[in-house]
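My notes follow in the order I looked things up.

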Amino acid sequence: MKTTKIPNEENRYWSDRKPIICPSCGEKAVRKSIYGYPSQEDFQNPNIHCVGCIPDLPWPRTWGCNNCDAAIWKDTPKMRYRYERFEL
Ligand SMILES: [Zn+2]
């Protein structure tokens with residue numbers, strides 16, 4: 001597994017696979033992220049990271065840390081393209 005910090009960003013990382021240990025706080029608290037209002041089932045599921053209704057910019061994170069809220073994106077050329085082309 002390869003995890004790289006995104007330059008000039010706090011608590012944001014690229015990773016080619018789901019990290020077991022959070023690259024930011026070192027806790028085993030990295031979960032798949034979901035957006036918007038979670039279903040009852042998702043809300044009670046400790047294996048999911050609930051981001052809430054405001055998605056990350058420029059693209060929703062792939063995984064999130066339930067301990068420190070680090071955001072981790074799957075490191076693919078497509079995702080990098082989207083990320084780098086984003087302008088406010
Ligand atoms: Zn963390």
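**Entry 1: the metal site.** I began with the geometry around the zinc ion. This is a predicted model. The 4 donor atoms subtend angles of 106 to 113° around the zinc ion, so the arrangement is tetrahedral. The cut-off asks that all angles of four donors lie between 85 and 135 degrees.

Next I looked up the donors by name. They are the SG atoms of Cys22, Cys25, Cys65 and Cys68, lying 2.3 Å from the zinc ion. Cys22 and Cys65 link distant parts of the chain, 43 residues apart. I found Cys22 in the loop between strand 2 (12-15) and strand 3 (30-35). Cys65 belongs to strand 5 (residues 63-65).

**Entry 2: the cysteines.** Which of them are buried, and which are partly exposed? I took the accessibilities one at a time. Cys22 has 3% relative accessibility, so I noted it as buried. Cys65 counts as buried too, because its relative accessibility is 1%. The limit for buried is under 20%. Cys68 has 23%, so it counts as partly exposed. I also checked Cys50, which at 33% relative accessibility counts as partly exposed.

Then I looked for disulfides. With a limit of 2.5 Å between cysteine sulfur atoms, I got a count of 0 disulfides.

Entry 3: In what order do the strands lie? I traced 6 strands in an open sheet, ordered 1-2-6-5-3-4, with mixed pairing. Strand 1 (3-5) and strand 4 (48-52) are the edge strands, and each pairs on one side only. On average, neighbouring strands are turned by 35° against each other, direction ignored.

**Entry 4: around strand 6.** I looked at strand 6 (residues 71-74) from both sides. With strand 2, strand 6 pairs in the parallel sense over 4 bridges. Here I picked out Arg12, whose bridge partner in strand 6 is Ala71.

With strand 5, strand 6 runs antiparallel, and 2 bridges join them. Trp63 stands opposite Ile72 in strand 6. Strands 5 and 6 form a hairpin with 5 residues between them. In the turn I noted Asp69, with a positive phi of about 65°.

**Entry 5: the helix across the sheet.** Last, I followed helix 2 (residues 77-85). Helix 2 lies across strand 1, strand 2 and strand 6. Helix 2 runs at about 155° to strand 2.

Methods
Residues are numbered from 1 along each chain as its sequence is written. This is a predicted model: local features need pLDDT of at least 70, side-chain atom pairs count only at pLDDT 80 or more; totals for chains, interfaces and linings use all residues. Side-chain values use heavy atoms; hydrogens and water are left out. Donors are N, O and S atoms within 2.8 Å of the metal (3.2 Å for Na, K and Ca); water is not among the atoms, so sites may look incomplete. Four donors count as tetrahedral if all angles lie between 85 and 135 degrees; four count as square planar and six as octahedral if opposite donors are over 155 degrees apart and all others between 65 and 115; anything else is irregular. Buried means under 20% relative accessible area, exposed over 50%, partly exposed in between (1.4 Å probe, protein chains only). Two strands pair if DSSP finds at least two bridges between them. Axes are lines fitted to C-alpha atoms, for helices over the stretch in contact, and angles run from 0 to 180 degrees between N-to-C directions. Contact means heavy atoms within 4.5 Å.
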